[in-house]
Amino acid sequence: MTKGELTKWVIKPAVFLALLLPAAWLVRDTLTGNLTANPIEDITHRTGRWGLTILLGTLAITPLMKLSGWSQLIRLRRMIGLFAFFYVCLHFATYIVLDQFFSFVDMAADVVKRPYITVGFTSFVLLVPLAVTSTKGMVKRLGGRNWSRLHKLVYVAAAGGFFHFLWLVKADTRDPILYGIALVLLLSSRLLIPRVQARRAAVSRSASNPL
């Protein structure tokens, strides 16, 4: 089995099922009454955490490809990104429907007055065009270069997700700090890995062509 076949028929379905599990657990806990004493808060926190976690997973694809040389992993990025958007949408929908009961006036006031909601809402808005333009057809319409520039907004959205989490918890910041460290490492890898690869290539050329 080639790497492409392994990715398509084994890894991709396995990742798909794994990314469905948080939603399945949430449905199960909701139907069986296993949410916390504050179910709306529980649903909000779960969906938010999974949205940010999976979004960071999207950012991990490129470093993993470069480190492993497994270019077929690119097939996972769109799917993982859409799952991240799915959980973020659930997070936002919970706020709109269960928390605010469609009170758009109150929601607008929250966006203006509460920084963590402002940055969270901004991150959600930034993710919308990324989800809409994730198809191959949209890549062709926009052109590869324009598409790539647009999708760099994912870095801003991920950073916004981190600050949304950090400013929300206020007191115990250990969990959001871990997310922040992961985000910094993933972004730094995009600068460091190409340099390391270039140095290795230069050393390899020097070894194969001695003076």
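How much space lies in the second largest pocket? About 700 Å³ lies there. The model is predicted, so local features need pLDDT of at least 70 and side-chain atom pairs count only at pLDDT 80 or more, while totals for chains, interfaces and linings use all residues. Residues are numbered from 1 along each chain as its sequence is written, and side-chain values use heavy atoms, with hydrogens and water left out.

**Overall build**
- The protein has nine helices and zero strands; helices (H or I, at least four residues) and strands (E, at least two) are DSSP runs, numbered from the N terminus.
- The C-alpha atoms fill a box of roughly 75 × 40 × 40 Å along the principal axes.
- Of the 211 residues, 34% are buried, where buried means under 20% relative accessible area with a 1.4 Å probe and protein chains only.
- Among contacts (heavy atoms within 4.5 Å) with a separation of 6 or more, 64% join residues 24 or more positions apart.

**Helix 5**
- Helix 5 covers residues 115–132, and its 18 residues should span 26 Å at 1.5 Å a residue; the end C-alpha atoms are 27 Å apart, which agrees. The expected span is 1.5 Å times one less than the number of residues.
- Its buried residues include Tyr116, Ile117, Phe124 and Leu127.
- The buried residues of helix 5 pack against helix 2 (39–68), helix 3 (74–99), helix 4 (104–113), helix 7 (144–151) and helix 8 (153–169).

**Largest pocket**
- A pocket is an open set of points on a 1 Å grid over the protein atoms alone, where a 1.4 Å probe fits, with protein on both sides within 12 Å along at least five of seven lines; lining residues have an atom within 4 Å of a point.
- The largest pocket has a volume of about 960 Å³, a volume being the space filled by probe spheres set on the points.
- Its lining has 31 residues, and Arg77, Arg78, Ser134, Trp147 and His151 lie nearest the centre.
- Helix 3 gives the largest share of this lining, nine residues.
- The lining divides into 14 nonpolar, seven polar and ten charged residues; Asp, Glu, Lys and Arg count as charged, Ala, Val, Leu, Ile, Met, Phe, Trp, Tyr, Cys and Pro as nonpolar, and the others as polar.

**Second largest pocket**
- This pocket is lined by 29 residues, with Thr44, His91, Tyr116, His164 and Leu168 nearest its centre.
- Helix 2 supplies the largest share of the lining, nine residues.
- By class, the lining of the second largest pocket has 15 nonpolar, ten polar and four charged residues.

Note on methods
Buried means under 20% relative accessible area, exposed over 50%, partly exposed in between (1.4 Å probe, protein chains only).
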